[in-house]
Amino acid sequence: MKLTDEELARFDRDGYLFFPSLFSPAEIKRLSDEVPGIYAQRRPENVRERTGDVVRTNFAAHMYNDMFARLARHPRMIEPVEQIFGEKLYMHQFKINGKMAFDGDVWQWHQDYGTWMNDDAMPAARAMNVAIFLDETNAFNGPLMFIPGSHKSGVLAAGHDTSTTSYPLWTINNDTISQLVEKAGGRNGGIVSPQGPPGSMIIFHGCLVHASTSNLSPWNRVNVYLSLCAVSNHIRRFKRPGYIAHRQFDPIACLPDDCLLKDYPVATPWKNGTPPEELTGLLKEAA
Ligand code: SIN
Ligand code: MN
């Protein structure tokens, strides 16, 4: 999938691109059918909500689930980011965020590159997220919210919030958010939230400021995020467990476009458990 000049210009201006219904219902069903089984596993990769047993986020399913291993090599997700960076990519992080009906908790305002820089010593913001919706995203089930153009501010000051939710995050203070929203148009477009059917895809810049509210609706909002990093920009510090911030920097080789519907052999090396060395941070710094 190749981005047009108009899309590239819009990405540069707004910091994100939205592609409604890019994946078909049949493709999304193959992925959605796997999620309950993944969330049911007692693995460290499943981070649960404060309220109990509901999964907030699952890491690294592409290392142990065949369908998600194929998604991690999907040309519709990989090629646009390769085009933007002009370089091969590796998988920095892979997650399936639950935001489940009634229990899905907030994600505070943040930039992903803030975490990648502060925790992982990633040299530059040459990494970004590509997300696909496995459920419909609507106004009620905690849609992602973006401040358009906020990526142009570069890396913003952030504080490490370890208490608001079950997952620690580098978050941005309310004064800064108010200023950014005002600059982006205030009540006229200063916050946007792409909403649409299952199969919709979003690409967003590593410095784009984003958040989502809790999900009080009776509808799940499961999203899959590929955090793709230019190979030359690989992380230098291995403070976080390998299943959260990967330490293998091999370039991703795409499968054919029909890889969710036809079988293609893929490796699932963590199928029988996470390797012990990937469960903890390491003191070692990368060369
Ligand atoms: C994230 O920002 O990493 C997750 C936000 C969400 O899934 O709502
Ligand atoms: Mn984020």
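Analyst: A residue is called buried when its relative accessible area is under 20%, exposed when it is over 50%, and partly exposed in between, using a 1.4 Å probe and the protein chains only. At 3% relative accessibility, asparagine 97 therefore counts as buried. Its place is in strand β4; strands (E, at least two residues) and helices (H or I, at least four) are DSSP runs, numbered from the N terminus. This is a predicted model, in which local features need pLDDT of at least 70 and side-chain atom pairs count only at pLDDT 80 or more, while totals for chains, interfaces and linings use all residues. Residues are numbered from 1 along each chain as its sequence is written, chains are lettered from A and ligands numbered from 1 in the order in which they are written, and side-chain values use heavy atoms, with hydrogens and water left out.

User: Which residues surround ligand 1?

Analyst: A residue is near a molecule if one of its heavy atoms lies within 4 Å of it. Here the shell around ligand 1 consists of Lys95, Asn97, Lys99, Trp107, His110, Leu144, His210, Ser212, Arg221 and Tyr225. At least two residues of this shell come from each of β4 (89–97), β5 (107–110) and β11 (210–212).

User: What distances separate oxygen atoms of ligand 1 from N or O atoms in the side chains of asparagine 97, histidine 110 and serine 212?

Analyst: A polar contact is a pair of N or O atoms within 3.5 Å; within protein, one must be able to donate a hydrogen and the other to accept it, and residues adjacent in sequence count only if both atoms are side-chain atoms. For ligand 1, the oxygen-to-side-chain distance is 2.9 Å at asparagine 97, 3.0 Å at histidine 110 and 2.6 Å at serine 212. Taken alone, ligand 1 exposes 260 Å², of which the protein buries 98%; such areas come from the Shrake-Rupley method with a 1.4 Å probe, and for residues only the protein chains shown count as cover.

User: Which protein atoms are the donors of the manganese ion (ligand 2)?

Analyst: Donors are N, O and S atoms within 2.8 Å of the metal (3.2 Å for Na, K and Ca); water is not among the atoms, so sites may look incomplete. For the manganese ion, the protein donors are His110 (NE2), Asp112 (OD) and His210 (NE2), at 2.1 to 2.2 Å. Along the chain they follow the spacing H-x1-D-x97-H. Aspartate 112 belongs to helix α6 (residues 112–120) and histidine 210 to strand β11, so this pair ties together parts that are 98 residues apart in sequence. Both aspartate 112 and histidine 210 are buried.

User: How many salt bridges does the count come to?

Analyst: Side chains of opposite charge can pair when their charged atoms come close. A salt bridge is a side-chain nitrogen of Lys or Arg within 4 Å of a carboxyl oxygen of Asp or Glu, and by this rule the count comes to 18. In one of them, aspartate 53 pairs with arginine 42, the closest N and O atoms being 2.8 Å apart. Aspartate 53 lies in the loop between β2 (46–48) and β3 (55–59), and arginine 42 in the loop between α3 (35–40) and β2, so the pair ties together parts that are 11 residues apart in sequence. Aspartate 53 is partly exposed at 47% relative accessibility, whereas arginine 42 is exposed at 62%.

User: Where do arginine 70 and aspartate 66 lie?

Analyst: Both lie in helix α4 (residues 66–71), 4 residues apart, about one turn of the helix. Arginine 70 is buried, with a relative accessible area of 2%, and aspartate 66 is partly exposed at 26%.
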